[in-house]
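Please examine the sequence and the structure shown below. This briefing then treats a sheet, several helix pairs and the surroundings of a ligand.

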Amino acid sequence: MSVAMPPAIPLLGHLWDWTAHPLRLLSAGAAAGPVFQLRLWRRVLVGYRPEWNRAILADLDTFRSVGSLSGLTPYLAAGIVHTDAPEHQPRRRQLNRHFSARALGTLSDRLAELAVRHRPQATVDASAWAGALVRHMLNAALFGSAVPDPLLARFLAPLDRRLPAPMLPRPRIFGRIDAAIAAVLAAPPPGCVAEHLAGAPDAIEQLRTALAAGYDTTAHTLAWAVWHLAGEAGQRVPDDLDPLIDEVLRLYPAGWIGSRIAARDTSCAGISVPAGTMVLYSPYLTHRDPLLWPDPTAFRPQRFAHGRPSWSYLPFAAGPRTCLGAHLARLMLRSALGPLCSPALRQCGGDPTPRPGLTLRPGGRLPIEVDHARVRRSPRAVGPVNVGRP
Ligand code: HEM
């Protein structure tokens, strides 16, 4: 069967559009068919319907991570992200224990405390506020807050910048962060993930990769979430934040594109996939497919009243290599937003249009301010939040 293809430029193929307007290119591809090909520096196949997502994400023997797009950045070309079958499954099982909702339950008081301490006091840009808070939260969760914050900020800063900044090798800062993680592992504060990984030969690499994978993804999600929360007319109770978070993750999935390399000749959703082909799945396209999501560009948290559909909702991917930090991300998001349901915030303008880079990020500023009149009317303090399912 011939594979659909959006319009391409002679000789260059889709490379220019991929660099300059990847979301527009993906949408043009989706209009051409449920599976389409792009001519980048190599031919890639892209699909976004549930059957494609399942085929790509459920079969780790055939669809491999090594050689895929994550290998282009030193922040992700390591640890479990860079491990394939058969080693992936046993190592993931061991790591899952330390990132489960149960294991993370002990952290919720500490994260709630950080959220209250970093509550916006005046007008702030949601992205800058979210980046700093998530950095503190990850430091608490992974390292018991034992890594010096300026070092953490320097290590993570390139992830906040445009491409190619996150792709460049940075051996000096990587060496310094590895040394700091080694120091934490030598005497880990009780209750943090480092305490559980101490003694494992790959502990430094796994912790560094989790830190990098968890930072900009969660920070961008939090920025959009707090901005939408600030725009709501009514007051939301902290226990009712999940639908808002779900809808933010649907419209703005930080992991907007994922890739694998086919290890053998195979076929997916009726399309033949020769060995060595790069295949992409796109939570961005899946989440905006009108066949799967009525009125897909509308922000409507209530659409999650009946749960989250599998394979057509994949902000954390799905299958055996679903996001290791999904529980932690949701816990950080709930903890950060809880104290902001009351006292209340207000949007002051802002542009939530997503801009793709290594992850999807807010393209414009998202300013929010404290609505002091509502704070006076509703001075209720908010305690730790529940650790729900991911
Ligand atoms: C809202 C926040 C987050 C989003 C949207 C997100 C999204 C994702 C997605 C889509 C993947 C699959 C990538 C692929 O294989 O194609 C992934 C994997 C991963 N994520 Fe997250 N993530 C978030 C937060 C976190 C946090 C907080 C951590 C760690 C503390 C983390 C650690 C990881 C790791 C280690 C993997 C690789 C898992 C494996 O290959 O087995 N993520 N994430």
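In what order do the 3 strands of the open sheet stand, and is their pairing parallel or antiparallel? The order is β4-β12-β9, and the pairing is antiparallel. The model is predicted: local features need pLDDT of at least 70, side-chain atom pairs count only at pLDDT 80 or more, and totals for chains, interfaces and linings use all residues. Residues are numbered from 1 along each chain as its sequence is written. Helices (H or I, at least four residues) and strands (E, at least two) are DSSP runs, numbered from the N terminus.

**The sheet**

- β4 (124-125) and β9 (345-347) stand at the edges with a single partner strand each, so one side of each has no neighbour in the sheet.
- Two strands pair if DSSP finds at least two bridges between them.
- β4 and strand β12 (residues 367-370) pair in the antiparallel sense over 2 bridges: Val124 stands opposite Ile368 in β12, and the bridge partner of Asp125 in β12 is Pro367.
- β9 and β12 are also antiparallel, with 3 bridges; Arg346 stands opposite Glu369 in β12.

- Two packed helices are described by the angle between their axes and the distance between the axes.
- Axes are lines fitted to C-alpha atoms, for helices over the stretch in contact, and angles run from 0 to 180 degrees between N-to-C directions.
- Helix α6 (residues 108-117) packs with helix α7 (residues 126-143) at an angle of about 155 degrees, and their axes are 10 Å apart.
- α6 is therefore roughly antiparallel to α7 (angles under 35 degrees count as roughly parallel, over 145 as roughly antiparallel, 65 to 115 as roughly perpendicular and the rest as oblique).
- The crossing of α6 and α7 is right-handed (a crossing is left-handed if the near helix is turned anticlockwise from the far one by less than a right angle, and right-handed if clockwise).
- Arg110, Leu111, Leu114 and Ala115 of α6 meet Leu133, His136, Met137 and Ala140 of α7 (two residues are in contact if their C-beta atoms, placed from the backbone, lie within 7 Å).
- This contact of α6 with α7 has 6 nonpolar, 1 polar and 1 charged residues (Ala, Val, Leu, Ile, Met, Phe, Trp, Tyr, Cys and Pro count as nonpolar, Asp, Glu, Lys and Arg as charged, and the others, Gly among them, as polar).

**Helices α8 and α9**

- Helix α8 (residues 149-156) and helix α9 (residues 171-186) pack at about 140 degrees, with axes 10 Å apart; α8 and α9 are therefore oblique to each other.
- The crossing of α8 and α9 is left-handed.
- Leu151, Arg154 and Phe155 in α8 meet Ile173, Arg176, Ile177 and Ala180 in α9, a contact of 5 nonpolar, no polar and 2 charged residues.

**The ligand and helices α11 and α14**

- The ligand is surrounded by 22 residues, of which Gly214, Gly255, Gly258, Cys323 and Gly325 are the closest (a residue is near a molecule if its C-beta atom, placed from the backbone, lies within 6 Å of it).
- The elements giving two or more residues to this shell are α11 (203-231) and α14 (326-341).
- α11 provides the largest share of the shell, 7 residues.
- By class, the shell has 12 nonpolar, 8 polar and 2 charged residues.
- α11 and α14 pack at an angle of about 35 degrees, with their axes 10 Å apart, and their crossing is right-handed.
- Their contact includes Gly214 and Thr217 of α11 and Leu328 and Ala329 of α14; by class, it has 11 nonpolar, 4 polar and no charged residues.
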